[in-house]
Amino acid sequence: MFKLVCGAGNEDAESVKRLVFVYAKAGCKFFDISARKEILNAAKEGAKNAGAANVRYCVSVGIKGDPHISKAFINEEKCTKCGKCVDICPNDAVKTPPFVYQEKCIGCSKCEKVCPENAVKMRDKDVDISQILPEMIKDGVSVIELHIMGHDAADLEKKWKIINDCNPKYASICIDRENFGNKECLDRIRKMISVRDPFTTIVQADGIPMSGGDDSFKTTLQAVAMAEIIQNANLPVLIMISGGTNSKTAALAKQCGINYWGIAIGSWARKIVKEYVNSDDFWTNTEKQDRAVEIAKKLITTSV
Ligand code: SF4
Ligand code: SF4
């Protein structure tokens, strides 16, 4: 199972529509998008334009503190306009002079890390999911994913209950080890799945979130390592590998004996088609579309 991650924080409807179009044409049937009605509609339109049927959508939300729901803000008083944040942003969300185009920001915090003046701060963009998610289920969403890398246990409990009350076909837990050790990760998962039927929960084992910037084995190492930790715990869950995934992930996971259910690819999958997807004449230039689809197909083929 290959899942294209459009970006939990990616609220740029046009880019989601194009990405879904390309990857649906290439054979992808599973898309991870931000939990917003206009984004779901854009994704559906992309799939429809691609002529794809039986497409499954996963909508992503997060608890307070999780990077997937955070956005970058620039303090103009501190900023010296060096441009480093503009160059490093993987989603073209920072524009000169600079300012952050919030809808495109996926919360990767690369700009914050590169800023020499400490002028960038990441802030949560929390939304009331109790209204949004039931509507998403009505609109055909079958998977709801919760990104849980924050320290607010009450927020986690509240949001997990809302998700389970929506009764999605699958609930997904996206977890990495940046803030917690293995034990706390597994304790969290055990507690969360105790209220669900066996194998109706996907654990998205995130190596290093949003780190798939290149196609090396090294980049995907932590993603496979995290999947192995989940596998060794023998939990009644489906394992989805993510966070640093690329065309090498499946090969490494197989070599390491990981019985994964799927591979979710975001940063790398978006990067390899970016040149085409961002072009002004994308919808009229079928040659560009075909080239993007070919590239996407190759990635999907290596990820099963
Ligand atoms: S990296 Fe920092 S100082 Fe440089 S342009 Fe961006 S916000 Fe301003
Ligand atoms: S570098 Fe990452 S956090 Fe910063 S603006 Fe771009 S997407 Fe957002």
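Two residues are taken to be in contact if their C-beta atoms, placed from the backbone, lie within 7 Å. The structure is a predicted model, in which local features need pLDDT of at least 70 and side-chain atom pairs count only at pLDDT 80 or more, while totals for chains, interfaces and linings use all residues. Residues are numbered from 1 along each chain as its sequence is written, and chains are lettered from A and ligands numbered from 1 in the order in which they are written.

Isoleucine 106 is placed in the loop between strand 6 (99–100) and helix 4 (110–114), where helices (H or I, at least four residues) and strands (E, at least two) are DSSP runs numbered from the N terminus. With 29 C-beta neighbours inside 10 Å, isoleucine 106 is classed as buried; a residue is buried if 20 or more other C-beta atoms lie within 10 Å of its own, exposed if 12 or fewer, and partly exposed in between, with C-beta atoms placed from the backbone. Beyond the neighbours within four places in sequence, isoleucine 106 is in contact with Gly7, Gly9, Asn10, Asn91 and Met210. The C-alpha atoms of isoleucine 106 and glycine 7 are 6.1 Å apart, although 99 residues separate the two in sequence.

Two ligand shells were examined, a residue being near a molecule if its C-beta atom, placed from the backbone, lies within 6 Å of it. Ligand 1 is surrounded by 14 residues, of which Cys79, Cys82, Lys84, Cys85 and Cys115 are the closest. This shell around ligand 1 comprises 9 nonpolar, 2 polar and 3 charged residues, where Ala, Val, Leu, Ile, Met, Phe, Trp, Tyr, Cys and Pro count as nonpolar, Asp, Glu, Lys and Arg as charged, and the others, Gly among them, as polar. Around ligand 2 there are 14 residues, the closest being Ala72, Cys89, Cys105, Cys108 and Cys111, and by class this shell holds 10 nonpolar, 3 polar and 1 charged residues.

Isoleucine 241, apart from its neighbours within four places in sequence, is in contact with residues including Ala205, Ala223, Val224, Ala227 and Tyr260.

Helix 10 (residues 267–277) and helix 11 (residues 286–301) pack at an angle of about 170°, with their axes 9 Å apart; the axes are lines fitted to C-alpha atoms, for helices over the stretch in contact, and angles run from 0 to 180 degrees between N-to-C directions. Helix 10 is therefore roughly antiparallel to helix 11, given that angles under 35 degrees count as roughly parallel, over 145 as roughly antiparallel, 65 to 115 as roughly perpendicular and the rest as oblique. Helix 10 contributes Ala269, Ile272, Val273, Tyr276 and Val277 to the contact, and helix 11 contributes Lys288, Arg291, Ala292, Ile295, Ala296 and Leu299. By class, this contact has 9 nonpolar, no polar and 2 charged residues. The buried residues of helix 10 pack against strand 1 (2–5), helix 1, strand 12 (262–265) and helix 11.
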